[in-house]
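The sequence and structure are shown below.

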Amino acid sequence: MTLLITVFAAVIATVKWYTRVDDTLKLGTLCFLYWGASLMWLVDAIFEYAELHEQYFTPAPADMLNDTFLGLSVVALGLVIWVVVLLVKDPKGIVRDTLRIQNK
């Protein structure tokens, strides 16, 4: 479930990045985060399948719920990292202008 959630997030972020004319929102960073997480979960799924074989396809409901929460947590953490990158890079200068106004 974690792999499925992160792949959906990666595809959505990639489509949004690809359809934008400019990259002022740094959506490429978000794409890299989600595709990296998807790759990590893919490797995890391969090794788990190698260990469990056909039992891999019949997880317990509690395991599916835990995997869903983990996948949503990874997507949320990716969004938090992306927002921090946006605040630090400040591509539109909004944070800089706001701090300049408050210092006057």
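In this predicted model, Thr2, Ile5, Thr6 and Ala9 of H1 are in contact with Asp67, Thr68, Leu70, Gly71, Leu72, Val74 and Val75 of H3. Sorted by class, the residues of this contact comprise six nonpolar, four polar and one charged. H1 passes H3 in a right-handed crossing.

Two packed helices are described by the angle between their axes and the distance between the axes.

| Helix pair | Angle between axes | Distance between axes |
|---|---|---|
| H1 (residues 2-19) and H2 | about 155° | 8 Å |
| H1 and H3 (residues 61-89) | about 30° | 8 Å |

Angles under 35 degrees count as roughly parallel, and H1 is therefore roughly parallel to H3. Angles over 145 degrees count as roughly antiparallel, so H1 and H2 are roughly antiparallel to each other.

H1 passes H2 in a left-handed crossing. On the H1 side, this contact includes Leu3, Thr6, Val7 and Ala10, while the H2 residues taking part include Tyr34, Trp35, Ser38 and Trp41. By class, the contact of H1 with H2 has 16 nonpolar, five polar and one charged residues.

Apart from neighbours within four places in sequence, Ser38 touches Leu3, Thr6, Val7 and Ala10. Its relative accessible area is 4%, and Ser38 is therefore buried, as the cut-off for buried is under 20%.

Notes
Residues numbered from 1 in each chain as written. Predicted model: local features only at pLDDT ≥ 70, side-chain atom pairs only at ≥ 80, totals over all residues. Heavy atoms only, no water. Buried < 20%, exposed > 50% of the residue type's maximum accessible area, 1.4 Å probe, protein only. Contact = heavy atoms within 4.5 Å. Axes fitted to C-alpha atoms, helices over the stretch in contact; angles between N-to-C directions. Helix = DSSP H or I, 4+ residues; strand = E, 2+ residues; numbered from the N terminus. Parallel < 35°, antiparallel > 145°, perpendicular 65-115°, else oblique. Left-handed = near helix turned anticlockwise from the far one by under 90°. Nonpolar A, V, L, I, M, F, W, Y, C, P; charged D, E, K, R; others polar.
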